[in-house]
Amino acid sequence: MAQTAQALDGPHRSFLDELKDAVSVRAALLVLGVLALQLGFITSYIGAFHQPKPHRIPLAVTSPDTQVADEALYRLARLPGDPLEPRTVADETAARRQITEREVDGALVMDPRGTTDRLLVAGGGGGALRQAITEVVTKVEKSQNRTVRVVDVVPGAVGDARGLSSFYLVVGWCVGGYLCAAILAISAGARPANAARAFIRLGVLLLYSITAGLLGTVIAGPVLDALPGSVRALWGLGTLLVFAVGAITLALQGLAGVIGIGLAILLVVVLGNPSAGGAYPYPLLPSFWRAIGPALPPGAGTYAARSIAYFRGNGAGGPMVVLAAWAVGGAVITFACAALRRRGPAPAPPG
């Protein structure tokens with residue numbers, strides 16, 4: 001009876017044999033890749049956010065008495081660690097204009113006849129940045145026996161706690177972009193079989209991007225009242241951002257197969273999100289993250305979204321060009337990979 005059962009079960013297999021069947025070499029390598037992404041995620045977020053420090057925050061300085069303004073400029077420019085990058089401007093009107101045009105992040109308006117000055121800030125540019133400017137300037141003013149009255153000239157919306165809604169909206173758009181591209185690839189092979197299929201995938205991605213851009217804008221704006229600004233402009237930004245991230249993902253899949261999905265996550269999530277200037281705007285990030293942030297989709301998207309929501313679109317042009325470059329580059333590489341694959345050697349006929 002025992003021999004019959006053994007015959008039905010087949011020959012005895014060792015645990016190592018079962019392990020090889022259960023976990024292939026390819027699967028093991030993919031698991032190691034997932035572990036690397038996980039550790040990269042932990043390292044990038046903690047590395048970028050664990051110790052924010054202000055670095056060369058653009059600050060306008062003005063006073064009816066030019067000597068007072070020049071003395072303040074000298075003090076602020078010589079602070080240890082260079083937390084500020086002060087510059088003098090003609091008057092308060094010029095200072096406010098530079099804030100709304102995103103040329104500076106704040107302005108110190110000196111009163112030569114008293115001991116109380118005004119610090120103009122832009123809460124819409126990020127709560128952490130507003131707080132950092134206030135703390136640095138207040139400390140310097142206190143050392144001169146002066147006080148500061150903070151005036152928020154570009155306040156954040158009531159529903160936009162600490163100015164993070166733009167960042168969260170961009171993160172949601174990015175997630176949708178690479179997940180849509182990943183699903184399109186997984187459903188019918190990571191690499192498109194020909195240029196026609198590449199065109200179809202990009203067309204579907206574009207339709208998805210238009211829909212996601214509109215719905216995300218409506219939720220963040222009219223529904224939740226978290227972001228002001230032009231609905232059309234935010235919709236356009238969302239469409240471009242989702243398509244750019246999706247096109248990058250399709251391009252990486254065309255180059256590396258299913259591994260391209262992991263590469264897209266590495267680029268957008270592990271490197272892009274911590275450097276996006278969301279929780280901590282660029283002047284508060286370590287140098288590496290501050291350098292790469294503006295060139296990656298999450299950073300470009302976050303800066304453009306804040307510009308549209310609070311600064312009448314000022315400063316959004318550069319980030320939109322960055323996103324357009326990613327979108328065009330991703331689409332071109334996707335088509336090129338499909339065309340090269342189509343021209344590859346035909347499989348040998350069955351013998």
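Glycine 293 is tucked away: in this predicted model, its relative accessibility comes out at 0%, so glycine 293 counts as buried. The residue sits in the loop that links H11 to H12. Setting aside neighbours within four places in sequence, glycine 293 touches Ser275, Tyr282, Gly299 and Ala300. Proline 281 makes a handy reference point here: 12 residues separate proline 281 from glycine 293 along the sequence, and their C-alpha atoms lie 9.7 Å apart in space.

Another loop residue worth a look is asparagine 273. Its place is in the loop between helix H10 (259–272) and helix H11 (287–292). Asparagine 273 has a relative accessibility of 8%, and because buried means under 20%, asparagine 273 falls in the buried class.

Next comes a pair of helices. Two packed helices are described by the angle between their axes and by how far apart those axes are. For helix H9 (residues 231–256) and helix H12 (residues 297–310), the angle is about 175° and the axes are 10 Å apart. Angles over 145 degrees count as roughly antiparallel, and H9 and H12 therefore run roughly antiparallel to each other. On the H9 side, the contact is made by Ala233, Leu234, Leu237, Leu241, Val245 and Ile248; on the H12 side, Pro297, Gly301, Ala304, Ala305 and Ile308 meet them. Sorted by type, the residues of this H9–H12 contact come to 10 nonpolar, one polar and no charged.

Turning to the cysteines, a search through the whole structure turns up zero disulfides. A disulfide is a covalent bond joining the sulfur atoms of two cysteines. Cysteine 174 has a relative accessibility of 1%, so cysteine 174 counts as buried. Cysteine 180 is buried too, with a relative accessible area of 12%.

Finally, a word on confidence. The chain has a mean pLDDT of 90, and 89% of its residues reach 70 or more.

Terms used:
Residues numbered from 1 in each chain as written. Predicted model: local features only at pLDDT ≥ 70, side-chain atom pairs only at ≥ 80, totals over all residues. Heavy atoms only, no water. Disulfide = S-S within 2.5 Å. Buried < 20%, exposed > 50% of the residue type's maximum accessible area, 1.4 Å probe, protein only. Helix = DSSP H or I, 4+ residues; strand = E, 2+ residues; numbered from the N terminus. Axes fitted to C-alpha atoms, helices over the stretch in contact; angles between N-to-C directions. Parallel < 35°, antiparallel > 145°, perpendicular 65-115°, else oblique. Contact = heavy atoms within 4.5 Å. Nonpolar A, V, L, I, M, F, W, Y, C, P; charged D, E, K, R; others polar. pLDDT = per-residue confidence, 0-100.
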